[in-house]
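Q: Could you take a close look at one part of this model for me? I'd like a plain walk through what sits around it.

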Amino acid sequence: LINQAAIDAPFTYIHTTANVGYCFKFAPEKGTIAPGGIQTIQISFNASTLGSFEEQFQFVVAGSPTSVILTVKGFVTRPTVHFNIEELNFGDISFGFPYTKSCRLTNSSPVPLTFKLRLSDDGTQRAVTCFDQIRKPDDPSWRDGTHFCVEPREFTMNPSQGTIIPHGYQDIEVTLCSQAMMEFYRRLLVDLEGIGDGVASLTITARCLVPELRVYPHVLLYDECRLKVPYERTFLVVNNTDLPGCYGLIPQKCKEDTPVFYSSRKPCGIVQPHSTAEVPVVIEVQTLGEHRTSVL
């Protein structure tokens, strides 16, 4: 506002709620401008509707028969984001092994956008990987399986939220660690702060399998053993499939009448596709005679 007169000019902004007028704020809304002086007015606009607009705003000057009119024009467009692909296909995956794929989320808008990623019907508990399992050879899940009171969170996104600059992008890593033998068909949804939920989506597909591992030989012969002296033999866990596998020897429940105690210094581990793992088994015979013991 410019005062071109020779006296002070007290001014006041007249509020309006017509059309999109309520979306505008002016600061300051009133004041006095000295002769020949200038008052800078800051205008804030928070759009609530889409499309073009034209609005007139009035400033009343004390003693002046006419108001000062400011016309504001513009066009409100919806901010948009999109993924660089339509589907994230993990293909065949192995139970309990984490797999990671990448995608890119692009902000095609002239304004920064704050996003948050979520999966349709996502669980809340952390997934248990095969690497967690092999660190705990005595865990009861080797014998009884893995149980959850709620659905495990098999998918993780990194990052799962953030802000993308205008016409910028964010690369996102999606990791899947399956806890069930099943086919996956989920949607990765994008929520935009202040804009809406599920404004963009990406389909995620996968099929979880458990590779068949084989043991050779089926019988370990220790021949003649001395009482309570440790003897070691080795057997093989063979994986002839295209997927990695995880093996674990179930801990023996030793009692006083148990004839043979067995143990291993490699009780669990990973067998890569088309490869073999050597597993040593140490026995200690506790009673005289001939014995057969199953190692699970």
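A: The side chain of Asp191 reaches the backbone nitrogen of Gly198 at 2.7 Å, and it also makes a polar contact with the side chain of Arg118, again listed at 2.7 Å. A polar contact here is a pair of N or O atoms within 3.5 Å; within protein, one must be able to donate a hydrogen and the other to accept it, and residues adjacent in sequence count only if both atoms are side-chain atoms. Bear in mind that this is a predicted model, where local features need pLDDT of at least 70 and side-chain atom pairs count only at pLDDT 80 or more, while totals for chains, interfaces and linings use all residues. Residues are numbered from 1 along each chain as its sequence is written, and side-chain values use heavy atoms, with hydrogens and water left out.

As for where Asp191 sits, look in strand β16, residues 183–192; strands are DSSP runs of E, at least two residues, numbered from the N terminus. Asp191 is buried, at 11% relative accessible area, and buried means under 20% (1.4 Å probe, protein chains only).

Setting aside neighbours within four places in sequence, Asp191 is in contact with Thr114, Phe115, Lys116 and Arg118, plus Gly196, Asp197 and Gly198. Contact means heavy atoms within 4.5 Å.

Methods: Helices (H or I, at least four residues) and strands (E, at least two) are DSSP runs, numbered from the N terminus. Buried means under 20% relative accessible area, exposed over 50%, partly exposed in between (1.4 Å probe, protein chains only).
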